[in-house]
Amino acid sequence: FFRLLLSLVMGLGAEILSLGSQLGPSICTVTRHNGVRIPTRDGTVLGALWLEPTLKPTYGESALGRDAAELGFPTILIRTPYRKEIVVSLGEVLCEYGYHVIIQDVRGRGDSDGVFEPLMYDDSDGQDTIGWIRGQAWFQQCPYVGAWGMSYMGILQHAMICPENPSLQPDAMVPMQCSSQQRTVYLPDNGIALELYARWSYVAHQTRGKEHVNPFVMLGLLFAPVGYLTRLPLGKIHEVIAGRPGPTIFSEYLLKHMHESADSPFWSRFDYRRKLPFAPPCHFFGGWFDFFLREILDDYQAVRATSRHPTCLTIGPWAHFQFGPLAAGFHVGLRWFEQYLRQRRRRDLQAWGCDRGTHPRPSSGHLPFSSQLSGSVPSCCLKDGQQRAFPNSKLVDRANPNIPPEPGVLPVSLYVMGHRAGWRQYPSWPLPCSSVPLYLGRGG
């Protein structure tokens with residue numbers, strides 16, 4: 001056990017230590033502001049922390065630092081049910097590359113008031129948080145906000161899409177290893193994803209309340225639920241995890257509704273696919289061995305077909321509970337936000353014909369999306385009718401699975417495994433290929 005735990009800790013440390021060399025030198029120091037309180041429309045107050053960037057004296061040595069000095073610091077929002085103190089180190093990495101970061105506990109978790117009911121209030125709570133961010137004085141320097149996070153934190157990004165008032169949704173999103181609807185994830189192929197259910201219940205139980213959370217809890221996510229799956233009856237796993245009999249919030253959330261159809265009031269309430277045509281620029285991110293894979297591919301196709309905004313897709317050789325996607329997620333997120341938050345500031349100022357800080361923000365709080373009008377936008381992100389003909393694929397000279405290529409000409413980046421493993425880029429998903437029937441031979 002202790003050897004396994006040590007290997008996990010060392011593996012995570014290696015990922016974090018190598019991340020700086022992969023991303024390049026950081027440009028900012030981080031100031032942490034605890035105790036931020038954000039009100040919602042029904043009077044519930046949500047707890048958050050604010051990570052504030054300050055340029056290092058050496059910022060001028062990199063193009064990123066010079067751009068940040070000229071264009072300012074956009075904002076990234078991370079909403080989590082797993083206690084903001086657990087994910088603060090992730091936010092600090094983003095902040096070090098020139099972003100304000102708000103990390104918020106969802107309703108009923110951590111320092112947030114109210115009762116935790118999974119996804120029940122996260123559409124309106126997330127939208128109210130975006131509205132609060134847009135009203136802060138420090139936000140006005142570079143008035144654009146993105147959303148970042150994986151798994152449940154990615155699902156919360158879909159919840160924030162607001163067709164009725166786009167000023168209350170992010171200006172760019174990176175939904176990682178998640179889905180816009182949940183039924184087929186927890187009930188795949190008319191079964192039940194028992195291991196996923198056990199892991200989710202374990203982490204949610206261990207991060208409940210307001211007391212300090214042991215950081216080894218998240219490491220326990222990798223192996224503790226396996227023991228629970230050996231206990232009978234399986235329908236009582238939540239009681240074993242909670243250490244007490246009776247219903248838990250997750251047994252009420254899933255087991256109570258598992259036999260209901262997809263169009264039932266419960267599952268329809270958390271189906272955000274209807275919002276996808278109104279999504280901002282999105283970069284979908286997943287893994288070949290992730291239980292969200294099918295849903296991620298479906299979401300990408302839906303946004304690509306219906307949204308007027310840019311969208312890209314990256315799929316790597318990962319499962320869900322691994323450290324590798326975390327490093328890759330920073331690469332994808334920072335590139336996307338640089339293009340559609342910070343550089344959007346440059347494009348809009350050029351469109352207005354003025355310098356930074358001299359043009360008032362529109363009273364609606366939502367700046368016009370002008371990036372599609374600019375030649376600086378990657379051609380992969382334009383709609384099919386606006387871009388030149390694609391080649392079938394492009395082999396990217398990069399074998400490291402945790403450093404995805406930049407979406408240049410082609411919008412879909414896939415890590416192809418096998419003898420010649422590496423990243424390849426394609427014009428679309430599904431891939432333009434032919435079906436080949438295969439038959440069993442005499443030797444099996």
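Student: Is R346 buried, partly exposed or exposed in this model?

Tutor: Bear in mind that this model is predicted. Residues count as buried under 20% relative accessible area and as exposed over 50%. With a relative accessible area of 21%, R346 is therefore partly exposed.

Student: Which residue does the side chain of R346 meet in a salt bridge?

Tutor: Side chains of opposite charge can pair when their charged atoms come close. Here the side chain of R346 meets that of D67, at 2.9 Å from N to O. The two residues are 279 apart, R346 being in helix α14 and D67 in helix α2, and in this way the pair links distant parts of the chain. D67 has a relative accessible area of 19%, so D67 is buried.

Student: How many salt bridges are there by this rule?

Tutor: The count comes to 18. One of them joins D171 and R134, at 3.1 Å from N to O. Because D171 lies in the loop between α5 and β6 while R134 lies in helix α4, this pair ties together parts that are 37 residues apart in sequence. Both D171 and R134 are buried.

Student: Which residues touch the most other members of the largest nonpolar core?

Tutor: In soluble globular proteins, nonpolar side chains tend to be buried together. The largest nonpolar core holds 59 residues, and I102, L119, I133 and L313 are the ones that touch the most other members. Helix α7 gives the most to this core, contributing six residues. Another core lies apart from it and has 36 residues, including I76 and F330.

Notes:
Residues are numbered from 1 along each chain as its sequence is written. This is a predicted model: local features need pLDDT of at least 70, side-chain atom pairs count only at pLDDT 80 or more; totals for chains, interfaces and linings use all residues. Side-chain values use heavy atoms; hydrogens and water are left out. A nonpolar core is a set of buried Ala, Val, Leu, Ile, Met, Phe, Trp, Tyr and Cys residues joined through side-chain atoms within 4.5 Å. Buried means under 20% relative accessible area, exposed over 50%, partly exposed in between (1.4 Å probe, protein chains only). Helices (H or I, at least four residues) and strands (E, at least two) are DSSP runs, numbered from the N terminus. A salt bridge is a side-chain nitrogen of Lys or Arg within 4 Å of a carboxyl oxygen of Asp or Glu.
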